[in-house]
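Dear colleague,

Please find the structure below, followed by a short account of what was found in it.

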Amino acid sequence: MQTVKVRRVGNSLGMVLPKEAVARMNVREGDTIYLTEAPDGGFRLTPVNEDFAEQIGLADDIMREDRNILRELAKR
């Protein structure tokens, strides 16, 4: 486990990630990372997977366009 200090960045707060964490996450300056809630009540930082994000976007489109069909299928 590593500790990270929370610091003021303008009117916001930010954290500086240790270089070991940056290397394991394979991220660079300017990359986007997700902050998601974990099942245990904590939070998780994960790098963005562009392919997965695109797939989720397509799935959202399908669910929105075909919601009536999906609702009927869910009844069976």
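Strands β3 and β4 form a hairpin with five residues between them, and Gly41 in the turn has a positive phi of about 95°. The two strands, β3 at residues 33–37 and β4 at residues 43–47, run antiparallel and are joined by five bridges. Strands count as paired if DSSP finds at least two bridges between them; helices (H or I, at least four residues) and strands (E, at least two) are DSSP runs, numbered from the N terminus.

This is a predicted model, in which local features need pLDDT of at least 70 and side-chain atom pairs count only at pLDDT 80 or more, while totals for chains, interfaces and linings use all residues. Residues are numbered from 1 along each chain as its sequence is written, and side-chain values use heavy atoms, with hydrogens and water left out.

The structure also holds two salt bridges (a side-chain nitrogen of Lys or Arg within 4 Å of a carboxyl oxygen of Asp or Glu). In helix α2 (residues 50–65), Asp61 and Arg64 lie three residues apart, about one turn of the helix, and their closest N and O atoms are 3.4 Å apart. Asp61 is partly exposed at 33% relative accessibility, whereas Arg64 is exposed at 53% (buried means under 20% relative accessible area, exposed over 50%, partly exposed in between; 1.4 Å probe, protein chains only).

The other salt bridge joins Lys75 and Glu72 at 3.2 Å, N to O. Lys75 is exposed at 60% relative accessibility, and Glu72 is partly exposed at 40%.

With kind regards
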